[in-house]
Amino acid sequence: MAPYRPRLRADVTLQAEPDGGFALIDRVLNRGVGLDPVTLALVHALDGRPLDEVLGGVEQQGLPRADIETKFRQLARLNLLEDAGTDIVARARALGSGGQLPPLTLPEARFACQASGGCCHGYTLGPLTSADVARLQALDLSALVAGPYLDEKTTPAGKTRHYLATVPGDEHCVFLQKDNLCGIHARFGAAAKPNFCQLYPLQAVATLDGLKVYDNGECASFSTSSRSGPLLADQVPELRPLLPAARFELYHPVVMLTPGAQLDHGHFLRVTRALWELCGRGLGSAGDTVRAASALSRRFVEALRDYPLGPGQPDATLDALVATDPAELYATVARTPPTPRQLSRVALVAGILHESIEAKLADATFQGSLYRQFADAIQLLRRVGLARAQAGRTLAEDDQRVLAITWGDDVEAALRASLRYQLFSHRVLIDERMLPATLRLGIVHAVTILGAKQSAASARRGVVTLADFDRAHTMTLRILRLPVPMGVLVAYEDDAFDVMDAAPALVG
Ligand code: SF4
């Protein structure tokens, strides 16, 4: 067999940077990739020599072979070599030449507002666009609201942003009526509302796989709204004009697979598709599915960090992984119960998240009923994690009573849908990093169930209802996309798989 002779893609150029460093400029994927000394030496050696000579030549400069191979894989994972990610580069090139992105939705996704008013509560309602502000100011709103209806805030950069005012002490929008309907909608029609109210909870992101349109899962009636009304696919034409222009710009970042290992977003889309498809097969319980998704994610990460060096990689490695038999994944997780160490890591992360939320609640001027509920649920997760991790440690009777509360098939279906929706959406990354988002999936699952159980317990019910689920689910998704909790998730990203593996065992 002819030796593999790797080369940079012909349209990638090496450029000197003002700081004295070098970068590879990829005009098709519209980015520059800074080069460290090892990678720069590799790039200079990619002149058509066989791979062994490339690696050996760089090694002779006194650089460790393992580092050189790691850097070589990174070049391939970013599609900078001529036979890596060829399909991704071809699709990006076609898009750059005027191609259109087709809409992409989860096939079963539906949405219909349930008019509960829950989404107009407990939120920062904005920022409004200048068109929103102008439209509202042109309306006679005096019959709807007596006082000011806009809050002004100044960003750290000194810019003024407008938000809808909320009713003090009750945290809901000033336009929300007693019948839980929107006053602006009722009096002037849906199109008069601020743009984000018309779209909520639907969002879009332009990816190489298509213009993804999805439910962000934060609807206060998610379990019902996500399976009511028309298919989301059929709603795309009317949603398109409401989407901000930025939503049509291609989102194609370099993804941080693990600290130090970068991956082109086109490959990452294949990873996430495999995950959300796995969640749609209905092969096990919601908890088993979290663990199966963890097992598959872990395989992706390990294989993409250390795949065999050769032509057509890492694509061939990904081809093999996306063909993984889902039944085998579920069987694997069934054979491997969480370890005490994993359980204690869940307790640790839960404890840190709890501290971060309590610090926010210590501000007496802060209104945050969702924060309070979240703090209670995550604290319960911490206590259960500690009790299960340490032999001889028992839970308080109150906690045991909450844990003994069960849930039925309806809640089980909602939990599965939530996981699948999250994997399809922007929640699959935090700061373009995979592991913190993976960690969040595990925490969302556990805190949603525990929060729902606490809600059922306070109503003296022995079984969780969909209303309990919705309350806890909305709270959890809203809180875990805020900067402080997300900072905790980033700081503890090394615990992602341990939490995914162990958290489901703590809530049943
Ligand atoms: S303007 Fe209407 S839809 Fe928007 S938050 Fe207020 S009540 Fe809700």
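## Basis

The model is predicted: local features need pLDDT of at least 70, side-chain atom pairs count only at pLDDT 80 or more, and totals for chains, interfaces and linings use all residues. Residues are numbered from 1 along each chain as its sequence is written.

## Domains and their contact

The chain splits into domain 1 (12-84), domain 2 (104-248) and domain 3 (254-508). These bounds come from an automatic or database domain assignment. The C-alpha centres of domain 1 and domain 3 are 36 Å apart. Their contact draws 12 residues from domain 1 and 13 residues from domain 3. Two residues are in contact if their C-beta atoms, placed from the backbone, lie within 7 Å.

On the domain 1 side, helix 3 (residues 65-77) gives the most, with six residues. Helices (H or I, at least four residues) and strands (E, at least two) are DSSP runs, numbered from the N terminus. By class, this side of domain 1 has five nonpolar, two polar and five charged residues. Ala, Val, Leu, Ile, Met, Phe, Trp, Tyr, Cys and Pro count as nonpolar; Asp, Glu, Lys and Arg count as charged; the others, Gly among them, count as polar.

Strand 1 (residues 12-16) pairs with strand 2 (residues 22-26) in the antiparallel sense, over five bridges. Two strands pair if DSSP finds at least two bridges between them. T13 stands opposite I25 in strand 2. The two strands form a hairpin with five residues between them. In the turn, G20 has a positive phi of about 95°.

An open sheet of three strands runs in the order 4-8-7, with mixed pairing. Strand 4 (103-104) and strand 7 (202-207) stand at the edges; each has a single partner strand, so one side of each is left without a neighbour in the sheet. Strand 4 pairs with strand 8 (residues 210-215) in the parallel sense over two bridges. L104 has K212 in strand 8 as its bridge partner.

## Ligand shell

The residues around the ligand are C120, L125, L164, C173, F175, L176, C182, I184, H185, K193, P194 and C197. A residue is near a molecule or strand if its C-beta atom, placed from the backbone, lies within 6 Å of it. By class, the shell has 10 nonpolar, one polar and one charged residues.

## Helix 14

Helix 14 (residues 340-361) has 22 residues. From its first C-alpha to its last it reaches 31 Å, close to the 32 Å expected at 1.5 Å a residue. The expected span is 1.5 Å times one less than the number of residues.

The buried residues of helix 14 are Q342, L343, R345, V346, A347, V349, A350, L353, H354 and I357. A residue is buried if 20 or more other C-beta atoms lie within 10 Å of its own, exposed if 12 or fewer, and partly exposed in between; C-beta atoms are placed from the backbone. The cover over these buried residues includes helix 15 (369-389), helix 20 (483-491) and helix 21 (496-502).

V254 is in strand 9 (residues 254-258). With 17 C-beta neighbours inside 10 Å, V254 counts as partly exposed. V254 touches R31, L78, Q262 and D264, not counting residues up to four places away in sequence. V254 and G266 are 12 residues apart in sequence and 9.2 Å apart in space, C-alpha to C-alpha.

R273 sits in helix 10 (residues 265-279). R273 has 15 C-beta neighbours inside 10 Å, so it counts as partly exposed. From R273 to V322 is 49 residues in sequence, but 8.7 Å in space, C-alpha to C-alpha.

## Backbone details in loops

The peptide bond from G126 to P127 is cis, with omega near 0°. P127 lies in the loop between strand 4 and helix 5 (130-137). A cis peptide bond also joins Y200 and P201, with omega about 0°. P201 lies in the loop between helix 7 (195-199) and strand 7.

N180, a residue other than glycine, has a positive phi near 70°. N180 lies in the loop between strand 6 (160-164) and helix 6 (183-188). N180 counts as partly exposed, with 14 C-beta neighbours inside 10 Å. D431 is not a glycine, yet has a positive phi of about 50°. D431 lies in the loop between helix 17 (409-424) and helix 18 (434-458). With 13 C-beta neighbours inside 10 Å, D431 counts as partly exposed.
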